[in-house]
Amino acid sequence: MYTRNAWYVAGWSSDLEPGKPFAIRILGEPIVIYRAVGSDRLVALEDRCVHRLAPLSLGRCEGENLRCMYHGLLFGPDGVTREIPGQDLIPPKARVRAYPVVERASWLWVWLGDADKADEALIPPSIGPDHPDYIMGQGFLDYDAEARLINDNLLDFSHLTYVHAASFEAGDQFAHSLPKIETLDRGIRYSRWAPNARGPVGRRSEDLLDNYMSYEFLVPGVLLMWSGGFPAGTAEACAFGPPDRSQACANVTFTSQAVTPMTDGTARYFFCWGPHRDHGDEKLRDLLINLALQAFNEDKVMIEAQHKIIALTPNPTVMPTAHDRPVTIFNRMVERMAKDQSTG
Amino acid sequence: MYTRNAWYVAGWSSDLEPGKPFAIRILGEPIVIYRAVGSDRLVALEDRCVHRLAPLSLGRCEGENLRCMYHGLLFGPDGVTREIPGQDLIPPKARVRAYPVVERASWLWVWLGDADKADEALIPPSIGPDHPDYIMGQGFLDYDAEARLINDNLLDFSHLTYVHAASFEAGDQFAHSLPKIETLDRGIRYSRWAPNARGPVGRRSEDLLDNYMSYEFLVPGVLLMWSGGFPAGTAEACAFGPPDRSQACANVTFTSQAVTPMTDGTARYFFCWGPHRDHGDEKLRDLLINLALQAFNEDKVMIEAQHKIIALTPNPTVMPTAHDRPVTIFNRMVERMAKDQSTG
Amino acid sequence: MYTRNAWYVAGWSSDLEPGKPFAIRILGEPIVIYRAVGSDRLVALEDRCVHRLAPLSLGRCEGENLRCMYHGLLFGPDGVTREIPGQDLIPPKARVRAYPVVERASWLWVWLGDADKADEALIPPSIGPDHPDYIMGQGFLDYDAEARLINDNLLDFSHLTYVHAASFEAGDQFAHSLPKIETLDRGIRYSRWAPNARGPVGRRSEDLLDNYMSYEFLVPGVLLMWSGGFPAGTAEACAFGPPDRSQACANVTFTSQAVTPMTDGTARYFFCWGPHRDHGDEKLRDLLINLALQAFNEDKVMIEAQHKIIALTPNPTVMPTAHDRPVTIFNRMVERMAKDQSTG
């Protein structure tokens with residue numbers, strides 16, 4: 001169950017060339033996105049011609065309009081038909097749905113709910129490769145699995161100990177102790193101190209640090225994580241609460257990740273990661289992205305296998321553990337939103 | 001919705017070697033066709049042994065009979081079991097369906113309706129590579145799409161302007177003006193003059209011609225198209241009605257095309273095309289076939305994509321345009337035939 | 001319809017390395033089998049973690065236990081959860097199903113029914129590559145077909161005349177005369193004399209022999225076949241009844257074969273075959289296994305094609321012949337067992 005009243009990541013800005021329509025499914029709906037050639041205007045339409053249901057994504061951009069290249073109907077950026085070759089009359093119903101679409105933090109965000117509720121303030125405050133303070137790499141992975149299973153994975157980092165033992169060399173503490181969880185308006189916040197530790201994998205240090213990581217996981221499925229190392233003793237000095245991030249002395253990185261449900265059984269997982277300029281360079285960025293690709297493929301193997309097991313199970317039920325609290329909070333929140341929108 | 005009371009093209013004669021059973025699905029039914037070794041008799045049977053439902057198309061031709069090569073039952077060309085190894089008694093119900101099958105104009109035609117209604121006069125008067133007046137190439141393409149969508153495509157040539165802009169360089173007139181449409185007993189006739197034009201692609205001329213094209217599209221899904229060029233002024237002299245074809249001065253060609261529904265989501269599209277002997281040679285035939293292959297693949301990309309969009313749409317409805325009149329006429333005709341046969 | 005109260009072959013012992021979990025589906029159920037590292041204990045569990053349904057077969061063997069490598073739950077060989085990282089309490093329902101599993105005659109046998117009915121006396125008395133008297137090769141083939149169709153194939157050897165005309169050069173007698181069939185408690189026995197014949201393919205002899213073959217086909221789908229040649233005259237001397245096998249003078253071989261239903265439309269077919277030590281060597285074993293692979297692929301082509309035809313047939317019904325008596329007896333026996341277990 002997913003909420004429509006949310007901004008979903010549809011792609012990386014940099015993957016959308018002007019004048020080249022781009023197709024994606026979100027919540028099962030076929031959507032075409034294009035950037036007008038002259039004006040750079042961004043448009044997202046239902047990817048289904050009103051005439052005979054051909055995909056507009058096989059069409060041709062003409063200024064701010066998009067022409068279906070089957071029988072030539074022309075659509076404006078509002079989804080309204082502008083031309084029907086061979087006839088003068090354009091019936092009022094000749095329109096496809098237009099979706100609010102915004103470009104922010106290097107991502108294309110599409111609002112799936114009622115257009116009049118499309119509040120840009122609800123776009124999660126992600127940081128992308130265009131941010132001046134970070135040096136980020138980016139990518140995406142396609143999953144043959146339900147998006148919710150990826151959300152669940154990202155909401156419970158106890159899997160790091162097992163799934164990512166090889167890649168992140170995550171250690172036991174992710175599974176054996178519970179993080180701090182806070183409930184937010186549209187998500188949860190996770191935070192964890194690892195005091196008296198070496199730096200993380202790829203950045204092991206001689207000196208012991210107090211490492212801090214904190215992420216928000218926000219509707220519809222966006223993870224925004226900051227992590228960094230502090231002088232030993234900081235955790236205790238903060239009473240294991242949130243530190244003053246400006247005091248971090250090592251290894252500050254940020255990662256934004258977004259899970260987009262394409263169909264019932266497929267999802268696209270977008271991610272970027274990289275060091276703060278004061279804590280790394282392009283070389284470290286590449287190291288982190290390679291590490292991430294290794295780790296995210298470890299997740300993919302497990303989650304796609306889990307998806308298959310669930311699919312063959314008559315009445316699949318889970319047995320939540322202590323680590324599942326954020327999973328449960330988040331999923332209930334989304335269910336409530338989905339219910340509100342269907343009754344509202 | 002398709003009518004059973006029709007002759008469907010099952011294959012090219014030239015693809016059926018004597019003694020080699022050939023399998024095809026038509027309207028979802030598994031059918032095996034073979035040419036007897038001694039007699040050249042053509043047989044079409046249900047491709048499903050009465051014993052344990054093995055496909056007879058994996059069987060062995062023995063004269064005019066076909067032996068199932070699983071447990072050895074032998075079937076006559078009438079579908080009646082001739083032998084059951086290991087027992088003498090042959091139960092009366094031990095028979096598979098035999099389909100009327102006819103070889104004509106290089107095609108194998110199978111009647112799907114009641115055998116006693118199989119009137120050969122209903123076979124569309126196609127012209128094939130065996131015709132003395134034309135020099136034709138032939139082929140087929142398999143579609144992952146419903147056959148009706150290919151019929152719709154062939155019934156509305158306004159798509160030439162868009163889908164085949166590159167291959168046929170068709171120009172705007174196909175979309176911007178309406179052709180003449182006549183309703184026939186079992187189909188429609190489409191015709192169009194293009195006065196004062198150069199010859200068609202691949203055969204561009206210095207002189208201006210009046211080009212005429214006319215096709216019939218006949219139940220169950222057969223297109224038979226004549227086209228040719230006339231001296232400028234002919235169109236007007238004919239009051240834009242049909243010309244005397246014997247007066248054509250250039251570029252006379254003929255194409256026969258047939259769409260066969262295999263299953264709900266697959267179809268086979270057969271085609272041949274070539275110049276009249278007085279208007280071309282083998283070289284031109286090859287040029288035309290290559291052009292057709294390019295164009296038909298353009299159609300295939302669009303129609304398979306359209307099929308996918310329709311499949312994911314809960315209640316797919318189309319919005320017919322002025323160009324859809326022949327589409328609507330033909331589909332209603334087929335629906336009526338399908339209804340008649342089910343109530344008749 | 002299959003019975004749960006039976007031992008199903010899950011694999012070859014030799015394919016199960018200590019400490020490496022092995023996944024298989026049987027009757028649709030996901031099962032993981034592993035051999036403990038220290039103790040060589042064999043364990044079969046439901047391949048689905050109680051927590052979030054991840055497959056335990058992606059897990060890690062720890063002594064006799066198996067750890068889910070998603071979030072770290074640890075399961076004992078009885079299926080009971082031993083550890084849940086991050087919490088002390090282990091709910092009583094936190095257990096996966098444990099299946100009785102036995103290693104015998106080189107096969108891993110899993111009992112699908114109620115554990116308290118798992119009687120090892122019901123394991124078919126197969127002979128495998130570990131048997132001192134035979135020199136056997138082994139293998140398996142995966143089918144995209146329902147297991148029952150493979151059982152049916154093995155219960156009616158009249159197909160040898162047709163399907164295996166090329167490989168086994170089986171001759172007409174398999175189809176044209178009926179074998180002797182006896183009904184057993186959990187299966188049937190098939191036997192057949194071929195008097196005054198050369199040896200079988202690959203072992204053709206100058207002298208005429210009386211060849212005898214006899215197999216049992218036992219629930220759930222296990223074929224155990226002995227064959228050998230006797231001095232001419234033996235068949236008649238035995239009144240065409242079973243011979244004294246110790247008097248065989250040539251070509252004694254044994255083959256064990258097992259059909260395991262994985263899902264509704266897939267099955268795994270296990271087989272071994274080879275000569276008695278007194279009648280052959282490794283070279284003959286290799287010849288026989290290559291012959292078997294050729295023949296079993298002939299079966300596979302036919303049965304998978306049959307499966308597809310059945311799948312597209314609205315109400316598939318078969319028309320049994322005289323050769324189908326053992327097929328009918330066996331299938332009714334299995335249906336009765338399946339019914340008994342569901343009402344019992």
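Across the interface of chain A and chain C of this predicted model, the rule finds 2 salt bridges. One pair that meets in a salt bridge is R52(C) and D324(A), whose side chains come to 2.9 Å, N to O. Polar contacts across the interface of chain A and chain C amount to 11 residue pairs, with both residues at pLDDT 80 or more. On the side of chain A that touches chain C, at least two residues each come from helix 1 (147-155), helix 2 (160-163), helix 3 (173-176) and helix 5 (282-311) of chain A. Helix 5 of chain A gives the most to this side, with 7 residues. By class, the side of chain A that touches chain C comprises 18 nonpolar, 9 polar and 4 charged residues.

The contact involves 31 residues from chain A and 25 residues from chain C. Between them, the two chains bury about 2300 Å², of which 65% lies on carbon and sulfur atoms. Of the area that chain A buries against chain C, 32% is supplied by Y162(A), M302(A) and M319(A), more than by any other three residues.

The arrangement of the chains was examined by superposition. Chain B is superposed on chain C by a rotation of 120° with 0.0 Å of shift along its axis, at an RMSD of 0.0 Å. The two copies are therefore related as by a three-fold rotation axis. For chain A on chain C, the superposition likewise takes a rotation of 120° with 0.0 Å of shift along its axis (RMSD 0.0 Å).

Over all chains, the count comes to 62 salt bridges. Within chain A, the side chains of D152(A) and R148(A) meet in a salt bridge at 2.6 Å, N to O. Both residues lie in helix 1 of chain A, 4 residues apart, about one turn of the helix. D152(A) is buried, with a relative accessible area of 5%, whereas R148(A) is partly exposed at 24%. A network of salt bridges links R52(A), E146(B), R148(B), D152(B) and D324(B).

In chain B, E64(B) and R41(B) form a salt bridge through their side chains (3.2 Å, N to O). E64(B) lies in the loop between strand 5 (60-62) and strand 6 (65-67) of chain B, and R41(B) in the loop between strand 3 (29-35) and strand 4 (42-46), so the pair ties together parts that are 23 residues apart in sequence. E64(B) is partly exposed at 28% relative accessible area, and R41(B) is partly exposed at 39%. A further salt bridge joins D114(B) to K117(B), with the closest N and O atoms 3.8 Å apart. D114(B) is partly exposed, at 45% relative accessible area, and K117(B) is partly exposed at 40%.

Notes:
Residues numbered from 1 in each chain as written. Chains lettered and ligands numbered in written order. Predicted model: local features only at pLDDT ≥ 70, side-chain atom pairs only at ≥ 80, totals over all residues. Heavy atoms only, no water. Contact = heavy atoms within 4.5 Å. Buried area = accessible area lost by both parts, 1.4 Å probe. Salt bridge = Lys/Arg side-chain N within 4 Å of Asp/Glu carboxyl O. Polar contact = N/O pair within 3.5 Å; in protein donor to acceptor, adjacent residues only side chain to side chain. Nonpolar A, V, L, I, M, F, W, Y, C, P; charged D, E, K, R; others polar. Least-squares fit on C-alpha atoms with pLDDT ≥ 70 in both. Buried < 20%, exposed > 50% of the residue type's maximum accessible area, 1.4 Å probe, protein only.
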